Each structure stands twice: as structure tokens, then as C-alpha cells.
Amino acid sequence: MTSERYAIGLARAFGGAIIFGLPLLMTMEMWSLGFAMGRGRLLLLVAFTLVLLVGLSYFSGFEKTFSLKEDAMDALVAFGVGVITSGLLLVALAVVTFDMSWGDIVGRVALQSVPASIGAMLGRKQLGAEQDMKAEEERKQEAGYAGELFLMLAGALFLAFNMAPTEEMVLISYQMTPWHALALGVLSLLLLHTFVYSIGFSGQEGRPEGGTFLSTFLHFTLTGYGIALLVSLYVLWSFGRTDNVAVAEIANMLVVLGFPASLGAATARLVV
Amino acid sequence: MNRESKAKDIPRAKAEQQVPWLEWVASGIGLLLVLGIFGVIGWQAFNGASTPPAITVEVENVAPVEGGHRVLFRARNAAGGAAAQVEIEGNLSAAGTDPETSRVVLDYIPGHSERRGGLFFTRDPRSGVLSVRAMGFSEP
């Protein structure tokens, strides 16, 4: 691959970072979380994102990769693109001004670069015209069940991350009665199962291996929902939404955020 | 003829495996940004990022405006922890008259940062004693 072709991939990465990052760039809570959330949690989140980017690069990056070194390099590039895009846009939107303290500025940019860098990684897949679909399908098949779980995790994280910063997640969970929460949980499972069945995973036509309702349900639907709930818990904890909150309230929040997260898990295959 | 084209293909295939220079530059910049961000956030983490807010208010400017007087102030959070819903109250007292009070709420003041705001008074603050201070905050 030449530098010219690489530059095209890079341009698509910037496009992806803008498109996927924009909803959160214009979300008020993201700005204050950038300086207010726990520093250790923010560091952990950025580190987790880097690991996720390496995995995503393997499945569908902005170039076809051959080794862990290349995946790591792609992850760094995607993160850099995310940081630069977030930084420029936050300055343009006057969310970041230069009379702010450095800690404030870096915190805001670092948090925004999480969705933006994932967007950069997906940019090639979504915006690229000539993508190597065959290689991608091969990889997804090779990776097997663990690969499926990783893709579900990535999808769940991306969608959950888009909702979790808003006050609405907490507000909705306060408004809901336990019956609402149970109904939403069942709905999440139903939708997840339907998506798994109709979209399928790993390039399989129709049902996943084994085929029976029960095995699909246990292997993909329940596992997927479990991943969605864990991802929701992680994101809510990162944003400090679970601090000093009763377990029952946390469970409610998990079901609320688990709804978009499980849809993200189910449709990860479409996006990634 | 056939051999010649084959010989040409080999170096081209090799070149395709090589990492383009732009990729080195791009990932180098990425690495620098990662290290920079980890450095700044990590530094904050070990320098009292969670110490409770301590807010001081400093009056910057007093000017007459239509309908009264405007006091511009600068609220500074000297500690690492961010404060939300910071209520700033200005109290103007002069001999022989009732004290006049004005309030404003600042949404956030991040750690080691400043936010500016203003208060309005009907009387001239320079004619009496003006005190502006932070009343309280909530954790974000």
C-alpha cells in the first residue's frame, strides 16, 4: 500500500470520527464529565478504548492488517484522529477555550476522543467504497465464538456510550416502576434474539450453529444481554452514576441502559 | 516475456507489504497524543484531583449600567475537585440603608479553574462595602 492510498484511508477515518463523534460532541453532559469524572476512571476508559481499537482494527480497520504491530499502529492512528477531531471541533464549538486550565481541556478532549476514535476506526468500513468484505468475513469466521462476543461488546459499548452521559438515563430509571423495568428487560431480550436470528452472525445464513431455539438463545441472546448489562455497568460506573446508589436503583439503570446496549450488541455486525 | 513480468511482480508485492511512511507519521502522532493525554490525566490523578472544592471570589470590575450597577467577578476553584451549582452571593451594605443582596449560580467550576460572572445592584457598590463570596456547591 502506498502513502497516497493510506492518506485516503486517513481521510475516511476523519470522516468517521466526525460523524460518529458528533452526537456526543454536542451533548452537554459530556463536557462537564470531561473535567468532573474520576481521573482514574477516565484513564481506565481511555486505556480500555485503546484495547478495543486494536480488536476493531483486526476485524475492520481502515486498512487490511497483517500483524498485531499493525493493529496497534492502527489503533494509535485512530485514537490520534479521534483526539485531533474532538479537539478541533470542541474549539470550534467554544466548548474548549484557551483560558481554561490544561487539566480541564485535556479531560474534555480525552473523553470525547473515545467515541470519535471508535468512529475513526469504523470510518473506513462505513465510508469506504472498495472494502475487502471477503477478508473481513473470513476473519469473523476464524475468530469464532470469542470473536462474536468481542463484536457484541464493541457494539454494546458504542451504543451505550452514546446514551450513558445524559441525565435522561438516570431520570428514566427513577420514573420507571419495577414492572416497567421487567418489561423493558424482556423487550431487550426479545429484540436481541430477533436480531441474532434474522441477521445472524459470522456470515452464517440464517440461524447460528446448532440451530435450535434454545442453543441460540443460550449461546447468543443470553450471553449478549449479559455483555450489554456488564458494559452498561462499566460505563455508568465510569461516569460516577453508580456511586452511593442503592443496588435496586443501579439495577433499574442497568436495564434502561441495557436496552440500547443490547441493540448495539445485536447489530454490531452491521456497523463493525 | 513471461519471466520478465514475473520478475517485475516480486518487488511490487514486497512494496505492498511495506508500511507506508505516512502510516509511521500518523501512528507516531497518535502515540504522542496518547502519551500526552495519559501524562496530563495521570498527573492530575496524583495531584489532588479529588480534593474538595475551595472557591474564592474576586471582584474584577464595577461599572454603571442602565438601571443600576454591574459587578464583574472571577470565581476561582483552588482545589482539584470540580464544583457544580456554585452559588455566588454579593452583599452591599452602606451606613443608614438596608443591605442589598444579589445572587447568581455558576453551573460548574472545574478543579484549578476559573469562571466569570456578574451581579447587578441598584445602588453604586463603590458607595458602600461590597462583599462577594461563594455560598456553596454540590458535587457534580
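The tour goes through the chains one at a time and then turns to the contact between them.

**The whole complex**

Begin with everything displayed, and bear in mind that this is a predicted model, for which the predictor gives the complex an ipTM of 0.78 and a pTM of 0.83.

**Chain A**

Select chain A and colour it by secondary structure: the chain comes to 10 helices and 0 strands, so that a cartoon view shows the pattern α-α-α-α-α-α-α-α-α-α along the sequence. Buried residues make up 50% of the 272 residues in this chain, and, among its contacts with a separation of 6 or more, 83% are between residues 24 or more positions apart.

Next, colour residues 3-131 and 142-271 of chain A separately, as these are domain 1 and domain 2 in the domain assignment. Where they meet, the contact takes 18 residues from domain 1 of chain A and 14 residues from domain 2 of chain A. On the domain 1 side of that contact, α1, α2, α3 and α5 of chain A each supply at least two residues, with the largest share, 6 residues, coming from α3(A). By class, this side of domain 1 has 13 nonpolar, 3 polar and 2 charged residues.

Which residues have the most contacts inside the largest nonpolar core? Select A:Ala154, A:Ala156, A:Ala160, A:Val231 and A:Leu257, which hold that place in a core of 108 residues. Helix α6 of chain A, residues 133-163, gives the most to this core, with 12 residues. Centre the view on A:Ala156 and show its surroundings: leaving aside residues up to four places away in sequence, A:Ala156 touches A:Ile227, A:Ala228, A:Val231, A:Ala261, A:Ser262, A:Gly264 and A:Ala265.

**Chain B**

Buried residues make up 26% of the 140 residues in chain B, and 66% of the contacts between residues at least 6 apart in sequence join residues at least 24 apart.

Colour chain B by pLDDT before looking at details: the mean is 85, and 88% of the residues reach 70 or more. Over residues 1-16 of chain B, however, the pLDDT is below 50, and beyond near neighbours in sequence this stretch has 1 contact in the model. Where pLDDT is low, the predicted coordinates should not be read in detail.

Move to strand β1 of chain B, residues 55-65, which lies largely in the open because the number buried among its 11 residues is 1. It is joined by 10 bridges to strand β2 of chain B, residues 68-77, and the two run antiparallel; one pair to select is B:Asn61 with its bridge partner in β2(B), B:Leu72. The hairpin of β1(B) and β2(B) has 2 residues between the strands, and B:Gly67 in the turn has a positive phi of about 85 degrees.

Continue to strand β3 of chain B, residues 83-93, which 9 bridges join to the antiparallel strand β4 of chain B, residues 100-109.

Is B:Pro125 buried or exposed? It counts as buried because it has 23 C-beta neighbours inside 10 Å, where 20 or more are required. Not counting residues up to four places away in sequence, B:Pro125 touches B:Val62, B:His69, B:Val71, B:Leu92 and B:Leu130. For a distance label, draw one from B:Pro125 to B:Ala94, which are 31 residues apart in sequence and 8.9 Å apart in space, C-alpha to C-alpha.

**Where the chains meet**

Finally, bring chain A back and select the contact, which takes 29 residues from chain A and 27 residues from chain B. On the chain A side, α1 (3-25), α2 (28-36), α3 (39-60), α4 (68-92) and α5 (102-127) each supply at least two residues, and the residues of that side divide into 19 nonpolar, 8 polar and 2 charged.

Note on methods: Residues are numbered from 1 along each chain as its sequence is written. Chains are lettered from A and ligands numbered from 1 in the order in which they are written. This is a predicted model: local features need pLDDT of at least 70, side-chain atom pairs count only at pLDDT 80 or more; totals for chains, interfaces and linings use all residues. Two residues are in contact if their C-beta atoms, placed from the backbone, lie within 7 Å. Helices (H or I, at least four residues) and strands (E, at least two) are DSSP runs, numbered from the N terminus. Ala, Val, Leu, Ile, Met, Phe, Trp, Tyr, Cys and Pro count as nonpolar, Asp, Glu, Lys and Arg as charged, and the others, Gly among them, as polar. A nonpolar core is a set of buried Ala, Val, Leu, Ile, Met, Phe, Trp, Tyr and Cys residues joined through C-beta atoms within 7 Å. A residue is buried if 20 or more other C-beta atoms lie within 10 Å of its own, exposed if 12 or fewer, and partly exposed in between; C-beta atoms are placed from the backbone. Two strands pair if DSSP finds at least two bridges between them. pLDDT is the predictor's confidence in each residue, from 0 to 100. Domain bounds come from an automatic or database domain assignment.
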